[in-house]
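I opened my notebook to look through this chain step by step.

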Amino acid sequence: MKKIFATTLLSTLLLTAAAQPGLAKINFDSISAIATSRNGAYDQLLKRFIKGDTTLDRRQCAIVYYGYSFRKGYSSEIPDEALTKAMDDNDPKAVEKQAGIILKKNPVNLKAIMSMAIAQEFLENERGYWDNMLKYAQIIEVISLSGDGKTPQTAYKVISASDQRNVLSGFTVKQREFLPEYQAEKVTAEKNGAEQVIYFDMSRSVAGAHKTGK
């Protein structure tokens with residue numbers, strides 16, 4: 001199943017809605033207030049995202065993605081070895097099952113969303129494939145607009161190390177260095193023979209790991 005991974009990733013570019021409004025600077029305090037409010041606003045946005053709502057704008061997608069890291073019980077460290085094995089075994093039914101287990105715990109997990117999309121493609125569920133590709137593209141776009149990745153202060157914001165690895169799936173990572181003063185990670189990576197340094201804001205990932213006592 002991994003043979004089509006790069007091709008499937010490329011398809012996400014076709015789903016980017018260029019006509020949508022831009023994304024303002026990510027403010028974790030305001031997102032936390034929405035995600036933890038009892039008025040149900042966040043729950044409604046999350047339900048729309050899970051259903052594959054194409055009308056969600058970038059700001060709403062940002063609230064869904066980053067807001068989930070403020071929800072009760074969120075953990076940035078969900079075991080995914082069974083999903084990896086299912087992918088390695090080229091077993092779409094097992095991939096569907098294992099991705100579903102992860103998505104019940106974290107519906108914005110990039111690896112699980114992409115894996116579910118690939119499984120649905122193999123199982124010839126066109127609607128399921130495109131719904132998951134849309135979700136993946138929505139989150140990738142939000143992350144790409146959360147910063148420029150050039151400095152610790154303008155780092156790309158992700159809510160888990162798993163999501164960071166997914167963003168870097170087209171790169172060969174050469175070195176990682178955690179910068180505790182910024183709660184950011186400096187990643188030296190290579191793509192198409194060119195080496196570059198990319199910074200990721202890992203503060204929400206760190207907070208999610210602390211919830212599990214790790």
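**Entry 1: The whole chain**

I began with contacts, where contact means heavy atoms within 4.5 Å. Among contacts in the chain between residues at least 6 apart in sequence, 63% join residues at least 24 apart. I noted that this is a predicted model, in which local features need pLDDT of at least 70 and side-chain atom pairs count only at pLDDT 80 or more, while totals for chains, interfaces and linings use all residues. Residues are numbered from 1 along each chain as its sequence is written, and side-chain values use heavy atoms, with hydrogens and water left out.

Next I looked up the secondary structure and found ten helices and four strands. Helices (H or I, at least four residues) and strands (E, at least two) are DSSP runs, numbered from the N terminus. Read from the N terminus, the elements go α-α-α-α-α-α-α-α-β-α-β-β-β-α.

I also checked burial: 48% of the 214 residues count as buried. Buried means under 20% relative accessible area, exposed over 50%, and partly exposed in between (1.4 Å probe, protein chains only).

**Entry 2: Helix α2**

Which residues of α2 (residues 28-36) are buried? I found Phe 28, Ile 31, Ser 32 and Ala 35. They cover an arc of only 100° around the axis, which puts them on the same side of α2. The arc is that of the directions from the helix axis to the C-beta atoms.

At the N-terminal end of α2 I found a cap, Asn 27, with a side-chain oxygen 3.0 Å from the backbone nitrogen of Asp 29. For such polar contacts I wrote down the rule: a pair of N or O atoms within 3.5 Å, where within protein one must be able to donate a hydrogen and the other to accept it, and residues adjacent in sequence count only if both atoms are side-chain atoms.

**Entry 3: Helices α3 and α4**

I then turned to α3 (residues 41-50) and α4 (residues 58-67), which pack at an angle of about 100° with their axes 10 Å apart. That makes α3 roughly perpendicular to α4. Axes are lines fitted to C-alpha atoms, for helices over the stretch in contact, and angles run from 0 to 180 degrees between N-to-C directions. Angles under 35 degrees count as roughly parallel, over 145 as roughly antiparallel, 65 to 115 as roughly perpendicular and the rest as oblique.

Who meets whom here? On the α3 side I listed Tyr 42, Leu 45, Leu 46, Arg 48 and Phe 49, and on the α4 side Gln 60, Ile 63, Val 64 and Gly 67.

How many of the ten residues of α4 are buried? Nine are, so I called α4 mostly covered, as burial is counted here. Among them are Arg 58, Cys 61 and Tyr 65. Their cover includes α2, α3, α8 (126-145), β1 and α9 (161-167). At the start of α4, a side-chain oxygen of Asp 57 comes to within 3.1 Å of the backbone nitrogen of Arg 59.

**Entry 4: The sheet**

Strands of a sheet pair through backbone hydrogen bonds, either parallel or antiparallel. Two strands pair if DSSP finds at least two bridges between them.

I went across it pair by pair:

- β1 (residues 156-157) and β4 (residues 194-201) run parallel and are joined by two bridges; Tyr 156 has Phe 200 as its partner in β4.
- β3 (residues 184-191) and β4 are antiparallel over eight bridges; Lys 186 stands opposite Tyr 199, and Glu 190 opposite Glu 195.
- β2 and β3 run antiparallel with seven bridges; Gln 175 is partnered by Thr 188 in β3.

**Entry 5: Turns and positive phi**

The β3-β4 hairpin has two residues between its strands, and Asn 192 in this turn has a positive phi of about 55°. The β2-β3 hairpin has four residues between its strands. Gln 183 lies in that loop, with a positive phi of about 50° although it is not a glycine. Gln 183 is partly exposed, at a relative accessible area of 31%.

Is Glu 124 buried or exposed? Glu 124 is exposed, with a relative accessible area of 74%. I placed it in the loop between α7 (110-122) and α8, and its phi is positive too, near 60°.
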